[in-house]
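Here's a walk through one protein model, pocket by pocket and strand by strand. Have the viewer open and follow along.

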Amino acid sequence: MHQLDRVVIRFAGDSGDGMQLTGDRFTSETAQLGNDISTLPNFPAEIRAPAGTLPGVSSFQVAFADYDILTPGDAPNVLVAMNPAALKANIADLPKGGTIIVNTDEFTKRNLAKVGYDSNPLEDDSLAGWDVHKVGLTSMTVGALAEHPVSKKDAERAKNMFALGLLSWLYSRPHESTMAFLEKKFAARPELVAANKAAFNAGWNFGETTEGFAVRYEVPPAQMAPGNYRNITGNTALALGLVAAGVKAKLPVLLGAYPITPASDILHELSKHKKLGVTTVQAEDEIAAIGVALGAAYGGALGITTTSGPGVALKGETISLAVALELPLVIVDVQRAGPSTGLPTKTEQADLNMALFGRHGEAPVAVVAAQSPVDCFHAAIEACRIALKYRTPVILLSDGYVANGSEPWLLPEISELPDLRVEYASGPNGEDGKFYPYLRDPETMARPWAVPGTPGLEHRIGGLEKADKTGDISYDPANHDFMVRTRAARIEAIDVPDVEVEDPSGEAKVLVLGWGSTYGPIGAASRALRQRGVNVAQAHLRHLNPLPKNLGEVLASYDKVVIPEMNLGQLAHVIRARFLIDVVGYNQVRGLPFTSTQLETMLEEVIKNV
């Protein structure tokens with residue numbers, strides 16, 4: 001048994017080969033051992049792209065280690081390629097000397113020709129620089145299931161379980177949870193339960209008996225804080241954060257949503273929690289979805305709507321209405337690559353401008369961003385806190401990278417979560433005994449939350465401009481100017497924590513500033529630089545509107561500020577305009593997250609030239 005401190009494995013194959021399921025099961029097994037983990041699913045948008053083609057390749061990368069890790073790895077150590085397309089699409093990412101486990105059964109002349117191979121790479125010298133293991137995954141699986149009452153097609157589909165069994169043996173993973181998973185997944189068809197279990201065991205036994213794998217590996221558990229952990233994706237964490245917010249606020253939660261990649265899993269997860277006061281409504285379109293959520297907020301519930309960039313564009317008018325009505329509403333935007341339909345299953349950070357400015361008129365809202373899968377839970381609670389306390393719409397930004405990625409989550413103590421309880425208006429608030437719907441709390445500038453049907457609290461709502469205090473329709477120029485400025489001041493008055501700077505030496509001259517899912521790559525790059533004696537400071541923004549009050553002071557204390565973003569410089573534009581600092585932007589829009597190596601190289605060059 002050879003001990004390693006970290007391994008990065010990428011499972012790759014056709015969209016129908018079950019690579020996401022295989023990766024997910026391997027991740028779950030790894031989580032049980034106590035390793036720190038980080039994952040990167042990557043799949044096409046098409047329901048079923050042409051079999052055996054490059055556009056149809058689906059992959060799942062998982063990094064696991066005996067120490068704290070921040071990313072799913074820049075490059076795999078092991079590539080499991082189920083066909084020629086998977087090999088060709090991923091071989092450039094595998095460093096020389098890496099391990100390739102390849103399904104030889106799929107390397108037919110027809111499949112090779114589909115992806116432009118003139119000769120079989122398994123037979124020429126093109127893979128000489130890698131450690132190649134040729135395994136007939138399909139034929140061996142079919143052979144192992146010869147005595148099982150399943151069709152040849154179902155037997156061939158089980159090859160992913162054979163591959164999972166082989167990798168589980170190779171890296172000393174447990175498999176009890178996978179056996180339980182198969183029993184639940186195929187409960188209605190016992191023959192498939194038995195067949196998939198047999199395929200897994202065949203892969204395990206093949207690893208144990210073949211001479212092709214001379215060494216078996218072990219990655220010890222990571223040193224983690226004591227407590228109960230579970231593996232969790234960003235979308236699931238965000239959904240549970242919304243549930244927790246409803247419980248801590250003692251309010252019903254209503255989600256109005258229209259299915260859209262990559263946000264749909266939040267709807268799926270929330271629909272499971274009716275017993276905790278959650279109602280989910282799958283509306284006929286994006287506009288109806290936010291209308292349902294805003295109506296629920298007017299009725300006294302915690303209104304939520306989830307979507308991605310195209311949906312936010314459609315919801316813009318209703319968000320502006322929520323700004324005018326000054327009601328608590330959380331809009332979750334799980335960003336994807338645009339514009340238009342763009343790359344629906346790929347990640348990007350290009351909705352920041354829309355979140356900050358994408359409405360007609362002066363319609364400011366609070367904007368919060370999640371930085372990792374686990375942080376989605378806490379970011380959701382923070383978005384709800386702001387929405388409820390300040391009676392404002394809040395846009396919560398996630399993206400495909402953190403939404404679909406996963407990591408270990410230390411289950412929090414309920415008592416440690418913030419108290420989000422709010423009080424509805426219960427009676428008249430004016431000195432004259434009348435109810436004034438826009439008479440504000442002097443501390444938060446929030447108006448009273450008057451639930452319809454409460455005696456004595458009758459008032460108008462609607463999109464036309466409101467008169468100060470009374471809420472009556474007003475066309476008075478001075479009143480309009482006052483209300484526009486008041487709505488802006490309300491957002492600026494939101495209490496957000498100061499930005500924290502990680503600068504261990506205190507001697508760094510360069511600050512790298514990030515937001516959202518760049519947290520992991522920036523943190524890994526900064527850590528690597530410091531280990532080599534290069535000083536660099538790091539800060540990360542959760543609150544993008546309003547910005548932390550100490551941000552200007554922090555930025556001014558460094559000679560150079562670098563902002564990596566998966567867009568063309570949207571936060572950089574805001575920082576330049578707000579603080580008159582000539583920041584260095586580092587941008588990419590490739591549908592993939594930054595690698596820590598590319599950020600490390602870039603930052604080192606900037607530091608040298610300061």
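How much space lies in the largest pocket? About 1,100 Å³. Before going further, some housekeeping: this is a predicted model, where local features need pLDDT of at least 70, side-chain atom pairs count only at pLDDT 80 or more, and totals for chains, interfaces and linings use all residues. Residues are numbered from 1 along each chain as its sequence is written, and side-chain values use heavy atoms, with hydrogens and water left out.

## The largest pocket

A pocket here comes from a 1 Å grid over the protein atoms alone: it is an open set of points with protein on both sides within 12 Å along at least five of seven lines, and lining residues have an atom within 4 Å of a point. Grid points are joined across faces, edges and corners, and the volume is the space filled by probe spheres set on those points.

The lining of the largest pocket runs to 36 residues, and Asp24, Thr233, Thr236, Asp265 and Asn404 lie nearest the centre. By class, the lining has 13 nonpolar, 16 polar and seven charged residues. (Ala, Val, Leu, Ile, Met, Phe, Trp, Tyr, Cys and Pro count as nonpolar; Asp, Glu, Lys and Arg as charged; the others, Gly among them, as polar.) Helix H1 (19-32) gives the largest share, seven residues. Other elements that supply at least two each include strand E3 (36-42), helix H7 (176-185), strand E9 (229-233) and helix H10 (264-270). Helices and strands are DSSP runs numbered from the N terminus (helices H or I, at least four residues; strands E, at least two).

Two or more residues each come from E3, strand E4 (57-65) and helix H2 (84-90), and E4 has the largest share, with three. The lining splits into 15 nonpolar, nine polar and five charged residues.

There are also three cavities of 30 Å³ or more, a cavity being a set of points where a 1.4 Å probe fits but cannot get out. About 110 Å³ of space lies in the largest cavity. Of the 13 residues that line the largest cavity, Leu40, Pro41, Thr345, Lys346 and Thr347 are closest to its centre. E3 and H15 each give two or more residues to that lining, which divides into six nonpolar, six polar and one charged.

## A seven-stranded sheet

Seven strands make an open, mixed sheet, in the order E11-E10-E12-E13-E15-E14-E20. Two strands pair if DSSP finds at least two bridges between them. Strands E11 (278-282) and E20 (543-545) are the edges, each pairing on one side only, and the twist averages 20 degrees from one strand to the next. Strand E14 (residues 366-369) and E20 run antiparallel and are joined by two bridges; valine 367 stands opposite asparagine 545 in E20.

Helix H9 (residues 234-249) packs on this sheet, touching E10, E11, E12, E13 and E15. Contact means heavy atoms within 4.5 Å. The direction of H9 makes about 170 degrees with that of E12, using axes fitted to C-alpha atoms (for helices over the stretch in contact) and angles from 0 to 180 degrees between N-to-C directions.

Most residues other than glycine have a negative phi, and most peptide bonds are trans. Here are some exceptions. The bond from threonine 261 to proline 262 is cis, with omega near 5 degrees, and proline 262 sits in the loop between E10 and H10. The bond from glycine 338 to proline 339 is also cis, with omega near 5 degrees.

Arginine 391 has a positive phi of about 50 degrees although it is not a glycine, and its place is the loop between helix H14 (375-390) and E15. Is arginine 391 buried or exposed? Buried, with a relative accessible area of 10%. Leucine 580 also has a positive phi, of about 55 degrees, but this residue is exposed, at 76% relative accessible area. (Buried means under 20%, exposed over 50% and partly exposed in between, using a 1.4 Å probe and protein chains only.)
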